[in-house]
Each structure stands twice: as C-alpha cells, then as structure tokens.
Amino acid sequence: MESFCGQALSWKLKDGVVELALHREPCNEIGSLTLDELEQFAANLDSVKDQAHALIIYSEMKPGFCAGADLRELFYRSQEQEPCKAVEGVRAYLERIHRVLNTIDASPLTTIAATHGVTFGGGFELALVCDLIIADRMARFCFPELRLGLIPGFGGIPRLKRDLGNAVVRDLLLTGRSFNAAKLQQVGLVSQVVGEGESLRVARATAAQLGKFDRRTAAAAKKFIKPIPYEELRQEIDIFCELFVQPAVEAGLKKFAESKDAQPYLP
C-alpha cells in the first residue's frame, strides 16, 4: 500500500502515517467512481497495520471535505430501472459503502478526519468513522437528507448516537440545519478547532504525536471505547430503502438533480 493515485482519491504511506486524499471535483461527491476507489483503499488497509500507526483523511478540494453522496448519479440511475430494481441497486450501493466505512471504523490505526468547508451528508458520515475530527474553523457539518425525504444512509445515525447525546442527534437529523466547528467541539464531536487552512497541518502534527506511543495499547483502547453498532447500521439501510420508494423522495431527488446551482447541497 505504498501509494495509489486514482481519479477520485489517492493515498500514500510515509513515516508510519497513511494519508488518504479526496480530490474529485467539485466537492468529493461519493458515487460509483469514488466508491470503487474507496473499496480498493479498504482492501489494502489491513496490510499496513504493522507499518503504520495513524490514518489521516482530508480533501484537496477548495469547497470542503465532502458534500456527501452523488445524488445526481443516484437519481438518474434509479430512473433507468423499475422501482424494485432501483431499490435493490440502492441497497447494494449502501451495503458496499457500509463495508468500506466499517473497515475504517474498525481499523487498529488511530484515524483522523482533517475537515474544512462543506462536510455534509455522506461526507459528515465519513468523518464520523474517524477517531478524531480536526476541523478548520470555517467547516460546516450538516445532514440535509431530510429535505429530500430521506435519512442519512452511510451509517450516520448509529455513529452519532454512539458519540453524542440524543438531543444533539435529534437536532442534526430532524432540523437539517448546519453546525459550525465550534458548536461541534462544544458538544464533544470535534476534538480540535483550528485556523482556516490549518486542519491538515494540525492532523499531521497530531499523527506524529500518536507515533510516540505503543501501537498495541492504542489499538486495544480504541476497540474498548469505540464499539461498532453493526445491528443499528443494518437497520439504517432498511429504513433508507423503505423511504427511497416514496414519491416525495423521487420529487426531491429530481429537483436536486436538475438544479443549475453548482452547489445545490448547501442549505
């Protein structure tokens, strides 16, 4: 796993730290291309557990960390199929992304999300699999799925419940409003808020600090304090698929897909 450079992401291993860079325009939307490359990454992650102690995930795109699922691709693919086939396709897609995110979540490496700008939907869920979230002070976190008649589908609800009190979880999920980095640090989800453009630098400094400690101890501690809610994750997929066939969802996705706005995911 020394290095890889794909169309949507790249990774490298240096000085005991794996860096996964997202670089799909405009804002790292997770569609079939990104998912294919994330699966390659996940398949190789176990091979570096004896050479690395940390993983940093960050974005090279100016608008932000990740805007979430590629909803345009999801909508147009669903329109090409009969409803039952479309739901089967959505379920298969969700199961694939869950396998990738569960692999990162369960990795013995200490994982760090270095976030900035837009961290919405599936991008927020990608950050949530990491052990530490370091956020540029301009980062914004949001689950806008409610506006489409959906819930987060990449594991966001169970992981939020694992990490936060239910009052904050309900606020994020039911209002669809965005929280800034300072607010999420206040409630205990973001570990560090840093200056604009500083999240990757601070993540690298944090990873270097982690390298001073015994890897086995860190891995054992992580496994103890960070259980993965597999049953609730499966339930989330079921609920998402049940909602996906509702007329309101089709209408919401159609409006999103046909929007001329370069960033229709913004609240």
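Trainee: Which residues of helix 3 are called buried?
Mentor: In helix 3 they are A86, V87, V90, Y93, L94, I97, H98, V100, L101, N102, I104 and D105. Buried means under 20% relative accessible area, exposed means over 50%, and partly exposed lies in between, with a 1.4 Å probe and protein chains only. A quick word on the ground rules: this is a predicted model, where local features need pLDDT of at least 70 and side-chain atom pairs count only at pLDDT 80 or more, while totals for chains, interfaces and linings use all residues. Residues are numbered from 1 along each chain as its sequence is written, and side-chain values use heavy atoms, with hydrogens and water left out.

Trainee: What makes 34 Å the expected reach of helix 3?
Mentor: Helices are DSSP runs of H or I with at least four residues, strands are runs of E with at least two, and both are numbered from the N terminus. The expected span is 1.5 Å times one less than the number of residues. Helix 3 has 24 residues, and its first and last C-alpha atoms are 34 Å apart, close to the expected 34 Å.

Trainee: And how do you know that the span of helix 1 agrees with expectation?
Mentor: Its 14 residues should span 20 Å at 1.5 Å a residue, and the end C-alpha atoms are 20 Å apart, so the two values agree. The buried residues of helix 1 are S32, T34, L35, E37, L38, F41, A42 and L45.

Trainee: What covers the buried residues of helix 1?
Mentor: The cover includes strand 1 (3-5), strand 2, strand 3, strand 4 (54-59), helix 2 (71-79) and helix 3 (83-106). Contact here means heavy atoms within 4.5 Å.

Trainee: Why is D15 called exposed?
Mentor: Its relative accessibility is 68%, so D15 falls on the exposed side of the cut-off. D15 sits in the loop between strand 2 (9-14) and strand 3. Its phi is near 55°, which is positive in a residue other than glycine.

Trainee: What makes F124 and F143 a stacked aromatic pair?
Mentor: Rings of Phe, Tyr and Trp (its six-membered ring) pair if their centres lie within 6.5 Å; planes under 30 degrees apart count as stacked, over 60 as edge-to-face and the rest as tilted. By this rule there are seven aromatic pairs. F124 and F143 are 4.6 Å centre to centre with 20° between the planes, hence stacked. The pair links distant parts of the chain, 19 residues apart: F124 is in helix 4 (residues 122-128), and F143 is in the loop between strand 9 (140-142) and helix 5 (156-163). Both F124 and F143 are buried. Elsewhere, ring pairs link F4, W11 and F41 into a cluster.

Trainee: What makes the D171 and R177 side chains a polar contact?
Mentor: A polar contact is a pair of N or O atoms within 3.5 Å; within protein, one must be able to donate a hydrogen and the other to accept it, and residues adjacent in sequence count only if both atoms are side-chain atoms. The two side chains meet at 2.6 Å, so they qualify. D171 is found in helix 6 (residues 166-175).
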